[in-house]
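Open the model in your viewer and keep the selection tool at hand. We will go stop by stop.

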Amino acid sequence: MLPDYSGITVAGDSLKLSSFRNEEKILLVNFWAAWCADCLKHNPELVELHEVYKGKKYGGHDFEIVSISLDRDTVLWKKRIA
């Protein structure tokens, strides 16, 4: 079990990992940072996973990816995901 995390989405909405606990989902949580070269290198793989598996069910469960930036500079992480 992951510790609860709270932050903001790109749209400015609040998000807590605990909000996913009661949902029947397979959740892949990706922690990354704009300064992390390996993180940025693997981002296209996560985008591909999302495209391949979105809307599909596995054992009756939805699959979802949540990427959490560890950056404090919101301008920088928004720039990296753009």
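**First stop: the hairpin**

Select the hairpin of β4 and β5: 2 residues lie between the strands, and G59 takes a positive phi near 60°. Helices (H or I, at least four residues) and strands (E, at least two) are DSSP runs, numbered from the N terminus. This is a predicted model, where local features need pLDDT of at least 70, side-chain atom pairs count only at pLDDT 80 or more, and totals for chains, interfaces and linings use all residues. Residues are numbered from 1 along each chain as its sequence is written, and side-chain values use heavy atoms, with hydrogens and water left out.

Strands count as paired if DSSP finds at least two bridges between them. Pick K57, then its bridge partner in β5, D62.

**Next: the rest of the sheet**

Now show β3 beside β5. These two run parallel, joined by 8 bridges. Click L28 and find I65, its bridge partner in β5. Zoom out: the open sheet has 3 strands in the order β3-β5-β4, with mixed pairing. β3 (25–32) and β4 (57–58) stand at the edges with a single partner strand each, so one side of each has no neighbour in the sheet.

**Then: the helix**

Select α1, residues 37–53. Its 17 residues reach 25 Å from first C-alpha to last, close to the 24 Å expected at 1.5 Å a residue. The expected span is 1.5 Å times one less than the number of residues. Stop at N43, shortly before the proline P44: a kink of about 35° lies there. That bend is the angle between axes fitted to the seven residues ending at a residue and the seven starting there. Just after α1, G55 takes a positive phi of about 80°.

**Last stop: the surface**

Helix α1 gives the largest share, 3 residues. Y53 lies in α1.
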